[in-house]
Amino acid sequence: MKIIETENLSKYYGKNRGIDGLNLSIEKGEIFGFIGPNGAGKSTTIRTLLGFLKPTSGKCRLFGNDLDELHLVEMKKKTGYLPSEVEFYENMTVKSMLGYFSKYYGKDCKKRVEELVNLFELDLNKNIRELSYGNRKKAAIVQCLMHGPELLILDEPTGGLDPLMQNVFFDILKNENKNGTTIFFSSHILSEVQKLCDRVGIIKDGKILEIEEIEKVRKNNYKKIRLEFRNSKQGSEFMIEGVSDMKKDGNTFSFFYNGDLNELIKKIGENPVENFWMEEPDLEEIFMNYYRKEN
């Protein structure tokens, strides 16, 4: 069963592009990563999927149903949504806020709320206005998970969470997925998507560039390398399979590497290197190198 399905889905704000001709098909039980730089159209896609925005053209279905007034309320009750920016009524306590949503879902969520609150070390008696950004995000996570949704739609979900809480969150998501929950995970951080997802859709400028199995993305994942040699000639002679986009600045050479890191380290050890840096490329660089290889 397809949980999310779009056909040539487009959303324009006047003449300004939001998304353009999106085609997605996400099966029940899948963890689907949706990745792209800020402004690519991720949040517009999500808000359109949830019925917050009316599409300019194209079709959108959740749980096999069109997004119309007849089905929208029931579809939302089966969905957990975590926005990138969390906003609640400031004067409510966390407990009263969660109680409000429990009534909307029409379920007794007390047991699940207690489990999640303990995992995230969240104080139910605090007012929303007293919470830090990170604790507001925790409260929003509890709210989106408390009713046992069949579909989770997560928009930049880890913002504000420290590394420990991120790991707790990822463990919860994996467990939810084992119990049958479909997850749509939107992020601009490729490493997050790689940890969790089965497939990934890459969006840029409102268009889907590619949808790939995550294993293929991993195999094509580049590292950003900088090497400072004792002299520029040594750098000029440094070449190994998997190196691309080599640039020189004095004795420092920068390039992207897609290959066995052990082979790279072995090659570096053959040369007198003063300094060595390795980091994850940003998304724009990943797009550029990934699609250079594909095309």
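Q: What share of the contacts between residues at least 6 apart in sequence joins residues at least 24 apart?
A: In this chain, 70% of them do. A contact here means heavy atoms within 4.5 Å. The model is predicted: local features need pLDDT of at least 70, side-chain atom pairs count only at pLDDT 80 or more, and totals for chains, interfaces and linings use all residues. Residues are numbered from 1 along each chain as its sequence is written, and side-chain values use heavy atoms, with hydrogens and water left out.

Q: How many helices and strands does the chain have, and what makes a run count as one?
A: The chain has 11 helices and 14 strands.

Q: What makes strand 12 and strand 14 edge strands?
A: They belong to an open sheet of four strands, ordered 12-13-11-14, with antiparallel pairing. Strand 12 (243–249) and strand 14 each have a single partner strand, so one side of each lacks a neighbour in the sheet. Neighbouring strands there are turned by 15° against each other on average, direction ignored.

Q: Why do strand 12 and strand 13 count as paired?
A: Pairing requires at least two bridges found by DSSP. Strand 12 and strand 13 (residues 252–257) are joined by five and run antiparallel, so they pass that cut-off. Serine 244 stands opposite phenylalanine 256 of strand 13.

Q: Which strands does helix 10 touch as it packs on this sheet?
A: Helix 10 touches strand 11 (223–229), strand 13 and strand 14. Its direction makes about 160° with that of strand 13. Axes are lines fitted to C-alpha atoms, for helices over the stretch in contact; angles run from 0 to 180 degrees between N-to-C directions.

Q: What makes Leu261, Ile265, Phe276 and Met278 a nonpolar patch?
A: A patch takes residues with over 30% relative accessible area and no salt bridge (a Lys or Arg side-chain nitrogen within 4 Å of an Asp or Glu carboxyl oxygen). Nonpolar side chains (Val, Leu, Ile, Met, Phe, Trp, Tyr) are joined within 5 Å, like charges within 9 Å. These four make a surface patch of about 360 Å². Helix 10 (261–268) and strand 14 (273–279) each supply at least two of its residues. The areas come from the Shrake-Rupley method with a 1.4 Å probe, and for residues only the protein chains shown count as cover.

Q: Why is methionine 278 called partly exposed?
A: Buried means under 20% relative accessible area, exposed means over 50%, and partly exposed lies in between. Methionine 278 has 43%, so it counts as partly exposed. This residue lies in strand 14.

Q: Why does serine 96 get that label too?
A: Serine 96 is at 32% relative accessibility, so it is partly exposed. Its place is in helix 3 (residues 94–105).

Q: Which strands stand at the edges of the six-stranded sheet?
A: This open sheet has the order 6-7-8-3-9-10, with mixed pairing. Strand 6 (79–82) and strand 10 (207–213) are its edges: each pairs on one side only.

Q: How do you know that strand 3 and strand 9 pair?
A: Four bridges join strand 3 (residues 31–35) to strand 9 (residues 199–204), and the two run parallel. Phenylalanine 34 has glycine 201 of strand 9 as its bridge partner.

Q: Which strands does helix 6 lie across?
A: Helix 6 (residues 163–178) lies across strand 3, strand 6, strand 7 and strand 8, at about 145° to strand 8.

Key:
Buried means under 20% relative accessible area, exposed over 50%, partly exposed in between (1.4 Å probe, protein chains only).
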